[in-house]
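Student: I would like a close look at one part of this protein. Please pick a spot and walk me through it.

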Amino acid sequence: RDFCLSRGLGDVYKRQDHMHDWALGSRGEWVTMGVPSDGSYGIPEGLVFGFPCVIDEAGNYSIVQGLDFTEEGKARIAKTTEELLKERQAVKRFFA
């Protein structure tokens, strides 16, 4: 029970931090945000993906560019992209 409670609170704090950064900016620090892809890092445009971002004081985000990934990192990104594309295809009929 304590594990579930602490995990639940951890999720609450993560959401709180996310909203804080989005509303007030990340002060130049990188944060992960699920945002529509602009084609960065080979992720298909429009696919919502977790990117490293910086957020200004007005709540505008920009995807951090120019990062190099290890082969393992590239493989994980490719696998996640494939899974997200399959999920998008699976629910597409509900939004037609």
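**A surface patch and the sheet beside it**

Tutor: Start with W22, a residue of helix α1, which covers residues 2-24. Keep in mind that this model is predicted. W22 is partly exposed: its relative accessible area is 38%. The cut-offs explain the wording, because buried means under 20% and exposed means over 50%. Together with M19 and Y61, W22 makes up a nonpolar patch on the surface. The accessible area of these three residues together is about 300 Å².

Now turn to Y61. This residue belongs to strand β3. Y61 is partly exposed too, with a relative accessible area of 34%. Compare its position with D21. Along the chain, Y61 and D21 are 40 residues apart, yet 9.8 Å separates their C-alpha atoms. What does Y61 touch, leaving aside neighbours within four places in sequence? Its contacts are M33, V35, P36, C53, V54 and I55.

Next, the sheet. Three strands build an open sheet, ordered β1-β2-β3, with antiparallel pairing. The edge places go to β1 (31-36) and β3 (61-63). Each edge strand has a single partner, so one of its sides has no neighbour in the sheet. On average, neighbouring strands here are turned by 60° against each other, ignoring direction.

Finally, look at how β3 is held in the pairing. Its partner β2 spans residues 48-55, and three antiparallel bridges link the two strands. Find C53: opposite it, in β3, stands I63. C53 is also one of the contacts of Y61.

Conventions. Residues numbered from 1 in each chain as written. Predicted model: local features only at pLDDT ≥ 70, side-chain atom pairs only at ≥ 80, totals over all residues. Heavy atoms only, no water. Pairing = 2+ DSSP bridges. Helix = DSSP H or I, 4+ residues; strand = E, 2+ residues; numbered from the N terminus. Axes fitted to C-alpha atoms, helices over the stretch in contact; angles between N-to-C directions. Patch = residues over 30% accessible without salt bridge, like charges linked within 9 Å, V, L, I, M, F, W, Y side chains within 5 Å. Areas by Shrake-Rupley, 256 points an atom, 1.4 Å probe, with all protein chains shown as cover. Salt bridge = Lys/Arg side-chain N within 4 Å of Asp/Glu carboxyl O. Buried < 20%, exposed > 50% of the residue type's maximum accessible area, 1.4 Å probe, protein only. Contact = heavy atoms within 4.5 Å.
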